[in-house]
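This report covers the sheet, the helices packed on it, and the contacts between aromatic rings and charges.

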Amino acid sequence: MNKTIVILGTQWGDEGKGKIVDFLTKNADFVVRYQGGNNAGHTLIVNGKKIILHQIPSGVIHDDVISIIGNGTVISPVALIKEIHMLEKNNIFPKDKVYISPFASLILNYHIAMDIAREKKLNSAAIGTTGKGIGPAYEDKVSRMGIKVYDLNNLNLLKIKIKRALNYYNYQLVNFYKQKPVDYKTTFNELAESADLMLSMVKDVPEILYQAIRNKNSVIFEGAQGTLLDIDHGTYPYVTSSNSTVGGVCTGTGVGPKSLDYILGVSKVYMTRVGLGPFLTEVFDETDNYFFLKGNESGSTTGRRRRTGWLDIVLLKKAIKINSLTALCLTKLDVLDELKEIKICIDYKISNINSSIKNNNTLLFLPNTLENVIPVYETLPGWNSSTAGLTNFDSLPLLAKKYINRIQELVKIPIDIISTGPSRNETIVLRNPFKI
Ligand code: IMP
């Protein structure tokens, strides 16, 4: 059955969305990115080969699928061209099957310089950004001094816009951040070099999606980052600068909410976070090392070691509500295979905390300082056998089934997909979203 499906992260990104999008894309005609930029890193294993996509939707791997980069994204022209070349080297030819919204905002070198300078000056108060210029590019969009893809159409006007932006940025970089100014020629040349290619990919995205949905094509909206990194609903200020939650689909592509049929939240069976910010269930003992090694927990964009911790059901329930999730997809089940005991945080205990953020003993919101919030854990026995690559729920060890059933009982929405390894086929499908 044809459908529009949203696939988004319920945690701080890196939930394994790329693999799930890739897996479900065999049923899709379009895959659409609605927010974020090349801060994302979607790792796919295709025919045993690792491919990391940063800006191009994961659908590009499939021949008959159109990939769309929506207006809610920020695009680095330099990184986009690199990604296109990387794909071409792997015999994937994106130019004819990737469409770009003319209203997507561009990330230029002065955004990157500002992101890095700001993080450096903030020092211990830094956010731990990916350093890709995401925040400043979104700031420019909102302040209405951003450069959009359609600006590449008029190089004379583009020159004026870049000069205006550089006046503003270089003043701050030099005088406030004590950094070198960004050179106008470098900025302009980077853009001019990518202009023709990017313009050749421009299409009227809302109209294409409207017709696609009307004509009963299948569309996947692919989230980047995750719910807890959302600029409005995440652990602010330790968040990214876009709406990674479901609302971002509508504003970031021009599709109305009534067109979304099914919303899948992707959650690891444990948690990770790159960058700074609260992480209540974080582990620091040998379990951290176990997750790091067994789960291969290094950032696919920055290479940074990810912080690790137990699954937090309180936050997962929040993600379910904010995104109106239809169902969950649990990933990396096999990473738990060798653990003797597995913990799930089922509640928070609050002590000694400012009364304005609690109601009786319930948190009104998740504060950034979690010193007085204590996770309440339920401990389940590990199954101590391999689930790696299993494709059938019945063949899972009994204790693994019990673990999954317990999560389902707690979250009260169906678990439709379980991932047991990085490859496309290492997946258990309890309900295929396209077939219900
Ligand atoms: P920014 O998006 O580069 O501004 O970074 C803001 C925060 O989001 C930092 O903590 C980053 O580590 C985090 N972040 C951004 N993109 C991703 C992602 O794709 N996966 C995981 N964390 C991310």
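In this predicted model, nine strands form an open sheet in the order β7-β5-β2-β9-β1-β10-β13-β18-β19, and their pairing is mixed. The edges are taken by β7 and β19 (427-429); each has a single partner strand, so one side of each lacks a neighbour in the sheet. On average, neighbouring strands of this sheet are turned by 20° against each other, direction ignored.

Within the sheet, strand β13 (residues 327-331) pairs with strand β18 (residues 415-419) in the parallel sense, over three bridges. Leu330 has Ile418 in β18 as its bridge partner.

Two helices lie across strands of this sheet. Helix α7 (residues 205-214) lies across β1 (4-9), β2 (30-33), β5 (66-69), β7 and β9 (219-222), and runs at about 135° to β9. Helix α11 (residues 398-411) lies across β13 and β18, running at about 140° to β18.

**Aromatic pairs**

A pair of aromatic rings is described by the distance of the centres and the angle of the planes. The structure holds ten aromatic pairs. One of them is formed by Phe103 and Tyr150: the ring centres are 5.7 Å apart and the planes stand at 70°, so the pair counts as edge-to-face, for which the angle must be over 60 degrees. This pair links distant parts of the chain, 47 residues apart: Phe103 is in the loop between β7 (98-100) and β8 (105-106), and Tyr150 is in the loop between α4 (134-143) and α5 (155-176). Phe103 is partly exposed, with a relative accessible area of 47%, and Tyr150 is also partly exposed, at 38%.

Phe291 and Trp310 form another edge-to-face pair, with 5.5 Å from centre to centre and 80° between the planes. Here too the pair links distant parts of the chain: Phe291 belongs to helix α9 (residues 286-294) and Trp310 to strand β12 (residues 307-312), 19 residues apart. Phe291 is buried, with 0% relative accessibility. Trp310 is buried as well, with a relative accessible area of 7%. Both residues belong to a cluster in which ring pairs link Tyr270, Tyr290, Phe291 and Trp310.

**Charges over rings**

Which charged residues lie over the rings of Phe176 and Phe292? The table gives each one with its distance from the ring centre.

| Charged residue | Ring | Distance from ring centre |
|---|---|---|
| Lys121 | Phe176 | 4.6 Å |
| Arg305 | Phe292 | 3.8 Å |

Lys121 lies over the face of Phe176, while Arg305 has its charged end over the ring of Phe292.

How values were computed. Residues numbered from 1 in each chain as written. Predicted model: local features only at pLDDT ≥ 70, side-chain atom pairs only at ≥ 80, totals over all residues. Heavy atoms only, no water. Phe/Tyr/Trp six-rings, centres within 6.5 Å; stacked < 30°, edge-to-face > 60°. Helix = DSSP H or I, 4+ residues; strand = E, 2+ residues; numbered from the N terminus. Buried < 20%, exposed > 50% of the residue type's maximum accessible area, 1.4 Å probe, protein only. Lys NZ or Arg CZ within 6 Å of the ring centre and 35° of its normal. Pairing = 2+ DSSP bridges. Axes fitted to C-alpha atoms, helices over the stretch in contact; angles between N-to-C directions. Contact = heavy atoms within 4.5 Å.
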